[in-house]
Amino acid sequence: MAAEGIAKNVLTQVGDVAQTIVDEVSKAFIGPPAVTEALLTALLARGHVLIEGVPGVAKTTLVKAFSATLGCSYRRIQFTPDLLPSDITGTYILDMRTNQFVLRQGPIFCNVLLGDEINRAPAKTQSALLEAMQEQQVTIEGETRPLAAPFIVLATQNPVEQEGTYPLPEAQVDRFLIKLAMSYPGHADEKRMLLTYNQPPPVVRSLLAPEDLLHMQGLAEKVYVAEELFDYILGLVLHTRQHRRVYLGASPRAALALLRAGKALALIRGRDYVLPDDIRNLATMVLAHRIVMTPDAELEGVSAGSVVGEAVERVAYKTPRAR
């Protein structure tokens, strides 16, 4: 059953734009196209992305190249242990000319926010992003101000085992729709990186405008989801809650996140309906970082990703009955 209101030519156009963005980002970021597709999925699903990896694996390069294609305002925050919440949201200062307090807006007032090494700042500073990521607004000295639309936080973090890092609180991690893990590139990709950056790399072109993204976000909301897929998503989430190695399973917010991401991914791939494969492809990226494992599981090396992988293998999608 097709989603009402999405013409075939519109779907084709969105799919072509998505592929063009992936190709454009690949000029600067040498890595799997699926990574760029995941960023675009989160953007169209009105979510945020956490990118984890050791220093030097092109996390920041990826975000900068991706944001350059969007034609949106972009700001970067370098998180450090002495960073204050007001350094993110802004603060009121006295204007000597008018003798009045005026708001000096922080970098969060933009469309695309790069939070670089977010886990190098303490929890109090990290929490300054909570309201912005969930409600798309910030409260400064009791006054609530809306943020621009579209708005997406693309945060990078180093593995928590590294010196000088603070683990993100569960509530903060749960605000990220998708978590990507970036490791060292393969031999072929790393050689291509050396060849690309042996000379000044091509400039990444701007392909969209904020109103284009808002239109695409609206289209993603119209993508059709069969009732059997709702049951399938709930089955995956329930599996994580009942697993003996899991202390806290995926929450209802995680189920909603997987649903929204599935609709956005389907649109990117030129469809107005979600397939079970869309959900399977996204399950680990959307669910794993929201699961808290038991201490025994961590000692035995059982990861949240393996639990989600097990759920994908064991939970069956029940095909719709013929009517």
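Thr89 is found in helix H4 (residues 86-89), where helices (H or I, at least four residues) and strands (E, at least two) are DSSP runs numbered from the N terminus. The model is predicted: local features need pLDDT of at least 70, side-chain atom pairs count only at pLDDT 80 or more, and totals for chains, interfaces and linings use all residues. Residues are numbered from 1 along each chain as its sequence is written, and side-chain values use heavy atoms, with hydrogens and water left out.

Thr89 counts as buried because its relative accessibility is 11%; buried means under 20% relative accessible area, exposed over 50%, and partly exposed in between (1.4 Å probe, protein chains only). Apart from neighbours within four places in sequence, Thr89 is in contact (heavy atoms within 4.5 Å) with Gln105, Gly106, Ile108, Phe109, Ala128, Val138 and Ile140.

Strand E3 (residues 90-95) pairs with strand E4 (residues 100-105) in the antiparallel sense, over six bridges. Two strands pair if DSSP finds at least two bridges between them. Asp95 stands opposite Gln100 in E4. The hairpin of E3 and E4 has four residues between the strands, and Asn99 takes a positive phi near 60° there.

Leu236 counts as buried at 0% relative accessibility. His239 is also buried, with a relative accessible area of 17%.

Not counting residues up to four places away in sequence, Leu236 touches Leu258, Ile279, Leu287, Ala311, Val312 and Val315. With neighbours within four places in sequence left aside, His239 is in contact with Val307, Glu310, Ala311, Arg314 and Val315.

Two C-alpha separations involve these residues. His239 and Val307 are 68 residues apart in sequence and 8.5 Å apart in space. Leu236 and Gln105 are 131 residues apart along the chain, and their C-alpha atoms are separated by 42 Å.

**Helix packing**

Two packed helices are described by the angle between their axes and the distance between the axes. Axes are lines fitted to C-alpha atoms, for helices over the stretch in contact, and angles run from 0 to 180 degrees between N-to-C directions.

| Helix pair | Angle | Axis distance |
|---|---|---|
| H1 (residues 8-25) and H2 (residues 33-44) | about 125° | 9 Å |
| H12 (residues 276-287) and H14 (residues 304-314) | about 150° | 9 Å |

At about 150°, H12 is roughly antiparallel to H14. Angles under 35 degrees count as roughly parallel, over 145 as roughly antiparallel, 65 to 115 as roughly perpendicular and the rest as oblique. The crossing of H12 and H14 is right-handed; a crossing is left-handed if the near helix is turned anticlockwise from the far one by less than a right angle, and right-handed if clockwise. On the H12 side the contact is made by Arg280, Ala283, Thr284 and Leu287, and on the H14 side by Gly305, Val308 and Val312. By class, this contact has four nonpolar, two polar and one charged residues. Here Ala, Val, Leu, Ile, Met, Phe, Trp, Tyr, Cys and Pro count as nonpolar, Asp, Glu, Lys and Arg as charged, and the others, Gly among them, as polar.

H1 and H2 are oblique to each other, and their crossing is right-handed. Ala18, Ile21, Val22 and Val25 in H1 meet Pro33, Thr36, Glu37 and Leu40 in H2. The contact of H1 with H2 has six nonpolar, one polar and one charged residues.
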